[in-house]
Amino acid sequence: MDFKEIISKSIKQDRVAQERLYQLLSPKLFPICLKYSRNYEEAQDNLQDGFILLFSKLDRFEFKGSFEGWVKRLFINNILQKYRSPGVLELVTEEIPETEDVELFDDETISLDFLLQIIQELPDRYRLVFNLYVFDDYSHKEIAEMLGVTIGTSKSNLARARQILKEKIEMHQNKPLFNLN
């Protein structure tokens, strides 16, 4: 069964095709869910919710453009929608002066697991903007539209996220190997 056939059969509620689509896409979509979620369990829930949404909207895919790109955007928007609920995402509107894009660290001793952990620990408003801008290449204008905030708010949230991450990395790098107290 080729990819187009899997999609077509999935639209017709073919459970075997839907399972195959899940098997093909979940390894690529789970990391997306993980980076937009607070923790592993929430990422698993977001993956499940995303596939429920995907199967309900699959008939809207017109076989034009990238299917994976369409699905990725569907998943990201679905996760962001959860944060738009009243009281869940309170975006900071303070203006933080823009800084140039600088590397958060120049030491290759920081593990990917540690980076993912500290990104997940960011407050929602910072984590979402950081991931959208840094990892998914959305512009501040696009982020502002997606989250319902101003471009300035998007920029200041990104600057604050970078500041927090830089501080955590510096603390981690300066941590003594042994506690002599």
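pLDDT is the predictor's confidence in each residue, on a scale from 0 to 100. That is the place to start here, since this is a predicted model. The protein chain averages 85, and 82% of the residues reach at least 70. Looking at the helices, helix 3 comes out highest, with a mean of 96, while helix 5 is lowest at 87. Then there's the stretch to handle with care: residues 88–107 have a pLDDT below 50. The model still gives that stretch 42 contacts beyond near neighbours in sequence.

With that in mind, let's head for the middle. The largest nonpolar core has 47 residues, and the members that touch the most others are Leu-21, Leu-54 and Leu-132. At least two core residues come from each of helix 1 (3–11), helix 2 (15–36), helix 3 (40–57), helix 4 (67–84), helix 5 (112–120), helix 6 (124–135), helix 7 (140–147) and helix 8 (151–173). Helix 2 puts in the most, with nine residues.

Pick Leu-21 and see what surrounds it. Setting aside residues up to four places away in sequence, Leu-21 touches Phe-3, Ile-6, Ile-7 and Ser-10, along with Phe-51, Leu-54, Phe-55, Leu-58 and Phe-67.

You'll find Phe-51 in helix 3. Is Phe-51 buried or exposed? Its relative accessible area is 3%, and anything under 20% counts as buried, so Phe-51 is buried. Beyond its neighbours within four places in sequence, Phe-51 is in contact with Leu-21, Tyr-22, Leu-25, Ser-26, Leu-29 and Phe-75. Val-71 sits 20 residues from Phe-51 in sequence, and their C-alpha atoms are 9.3 Å apart.

Now for a polar residue. Ser-37 lies in the loop between helix 2 and helix 3, yet Ser-37 is buried because its relative accessible area is 0%. What does its side chain make a polar contact with? The partner is the side chain of Asn-46, at 2.8 Å. Leaving out neighbours within four places in sequence, the residues in contact with Ser-37 are Glu-42, Ala-43, Asn-46, Tyr-83, Gln-120 and Arg-127.

Gln-120 takes us on to helix 5, where Gln-120 is buried together with Phe-114, Leu-115, Ile-118 and Ile-119. And what covers the buried residues of helix 5? The cover includes helix 2, helix 3, helix 6 and helix 8.

Technical notes:
Residues are numbered from 1 along each chain as its sequence is written. This is a predicted model: local features need pLDDT of at least 70, side-chain atom pairs count only at pLDDT 80 or more; totals for chains, interfaces and linings use all residues. Side-chain values use heavy atoms; hydrogens and water are left out. A nonpolar core is a set of buried Ala, Val, Leu, Ile, Met, Phe, Trp, Tyr and Cys residues joined through side-chain atoms within 4.5 Å. Buried means under 20% relative accessible area, exposed over 50%, partly exposed in between (1.4 Å probe, protein chains only). Helices (H or I, at least four residues) and strands (E, at least two) are DSSP runs, numbered from the N terminus. Contact means heavy atoms within 4.5 Å. A polar contact is a pair of N or O atoms within 3.5 Å; within protein, one must be able to donate a hydrogen and the other to accept it, and residues adjacent in sequence count only if both atoms are side-chain atoms.
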